[in-house]
Amino acid sequence: MTLRIGVVGTGMMGQDHVQRLTTSVPNAQVVAVSDVNLEQAKRVGEGVGARVYSDGHDLVGDDQVQAVLIASPGFTHEEFTLACLAADKPVLCEKPLAPTIDACLRVLEAEAARPRRLVQVGFMRRYDADFRAMKDAVVGGQVGRPLLLHCRHRNPSVPPGFTSDMMITDSVVHDIDATRWLIGQEVVAASVFKPRPSSKAPEGLQDPQLVLMETAEGVLIDVESFVSCQFGYDIRYELVGEAGTVSLGELAGVRIRAEGRHQGRIPDDWRERFARAYEDELREWVNGVLEGTVTGPSSWDGYATTAVAEAAVEAQTSGRRTAVELVDRPALYA
Ligand code: ISE
């Protein structure tokens with residue numbers, strides 16, 4: 001059986017996903033693409049023999065499309081996800097589920113009224129082999145009760161127009177989701193600390209930043225977000241438990257020892273670092289949809305992550321610790 005998929009948004013991530021779905025994901029076929037940039041959509045669509053739309057709503061309404069992948073800008077996610085829910089079509093929405101708490105709640109409410117989940121959010125770290133091994137070690141009790149989690153999230157550079165709050169809403173959101181998933185607790189408060197900015201950072205950008213999160217049961221998580229680090233894409237985690245530590249990201253890939261030095265590769269960006277995770281995310285999503293279940297990161301995860309991100313942005317501006325208030329978790333996400 002083949003799942004016929006429509007991809008909304010043919011920018012960088014949309015193109016990546018179309019390519020992956022076409023070449024490396026069994027039982028998947030991209031039958032339609034859409035983008036407000038019709039020329040770009042045509043180039044991408046013609047490459048894979050897909051129908052082309054300028055409006056994502058027409059794609060969602062296409063009878064040939066059985067499931068939808070949303071890779072358009074974050075502010076459009078709510079409307080397309082709601083359209084998929086109304087059309088009863090499973091949807092994999094790139095992060096964020098939506099940029100505001102209110103928008104996330106509208107999606108949550110629309111889905112929670114249904115008998116089964118249709119929405120998955122693209123938090124691909126949950127599919128990365130190292131992140132999964134780390135979670136297994138934590139859940140398996142290998143390092144004891146978690147106390148602290150240190151996260152480093154570094155990008156070599158950012159595009160023009162990238163702002164200090166986007167460091168949280170675009171980057172740290174992955175750490176927020178990974179934290180909730182690894183530790184199995186909700187985040188209840190966030191604070192943001194600002195060292196002196198790097199002279200390599202774009203003018204006006206508060207870079208780096210340190211986001212400190214607290215979970216319901218008192219685990220502390222510090223996230224270094226540094227988006228002008230220059231040297232590559234660097235993701236490193238260390239979880240400190242009562243009986244030991246578990247870490248990832250220190251030594252990925254092969255090492256070369258030559259000419260008095262040892263060297264290893266640092267990825268250029270997240271597409272390289274998480275290439276396999278994206279592939280496994282899509283494979284599991286396609287198989288799940290074909291079997292009638294969606295099990296990956298949920299609308300609840302998307303909502304809770306945006307709620308923490310909003311609190312962190314408020315803390316960034318006010319300089320104060322900001323509490324995170326969540327609504328009751330609907331039964332669908334138990
Ligand atoms: C980017 O938008 C992503 O989603 C990457 O996964 C993240 O690591 C990066 O910091 C973001 O800018």
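Guide: The lining of the second largest pocket is made up of five nonpolar, five polar and seven charged residues. Here Ala, Val, Leu, Ile, Met, Phe, Trp, Tyr, Cys and Pro count as nonpolar, Asp, Glu, Lys and Arg as charged, and the others, Gly among them, as polar. Please keep in mind that this is a predicted model, where local features need pLDDT of at least 70, side-chain atom pairs need 80 or more, and totals for chains, interfaces and linings use all residues. Residues are numbered from 1 along each chain as its sequence is written, and side-chain values use heavy atoms, without hydrogens or water.

This second largest pocket has a volume of about 260 Å³. It is lined by 17 residues, and the closest to its centre are Arg126, Arg180, Ser298, Asp301 and Arg329. A pocket is an open set of points on a 1 Å grid over the protein atoms alone, where a 1.4 Å probe fits and protein lies on both sides within 12 Å along at least five of seven lines; lining residues have an atom within 4 Å of a point. The volume is the space filled by probe spheres set on the points, which are joined across faces, edges and corners.

Now turn to the largest pocket, with a volume of about 910 Å³. Its lining takes in 37 residues, and those nearest its centre are Met13, Lys95, Phe162, Asp170 and Trp270. By class, you will find 19 nonpolar, twelve polar and six charged residues there. Helix α7 (166-183) gives the largest share of this lining, six residues. Each of α1, α7 and α10 (299-318) supplies at least two. Helices (H or I, at least four residues) and strands (E, at least two) are DSSP runs, numbered from the N terminus.

Take Lys95 to begin with: a cis peptide bond, with omega about -5 degrees, joins Lys95 to Pro96. Pro96 sits in the loop between β5 (91-94) and α5 (101-112). Another cis peptide bond links Asp207 and Pro208, this time with omega about 5 degrees, and Pro208 is in the loop between β8 (187-193) and β9 (209-215). Most peptide bonds are trans, and most residues other than glycine have a negative phi. Asp88, which is not a glycine, has a positive phi of about 60 degrees; Asp88 belongs to the loop between α4 (77-86) and β5.

Next, follow Trp270. There are five aromatic pairs in the structure, and one of them joins Tyr233 and Trp270 edge-to-face, with 6.3 Å from centre to centre and 65 degrees between the planes. This pair links distant parts of the chain, 37 residues apart: Tyr233 is in the loop between β10 (220-226) and β11 (234-241), and Trp270 is in helix α8 (residues 270-273). Rings of Phe, Tyr and Trp (its six-membered ring) pair if their centres lie within 6.5 Å; planes under 30 degrees apart are stacked, over 60 edge-to-face and the rest tilted.

Finally, visit Pro330, in the segment after β15 (322-323). Beyond its neighbours within four places in sequence, Pro330 is in contact (heavy atoms within 4.5 Å) with Leu108, Ala112 and Trp300. Pro330 and Trp300 are 30 residues apart in sequence, with 8.4 Å from C-alpha to C-alpha.
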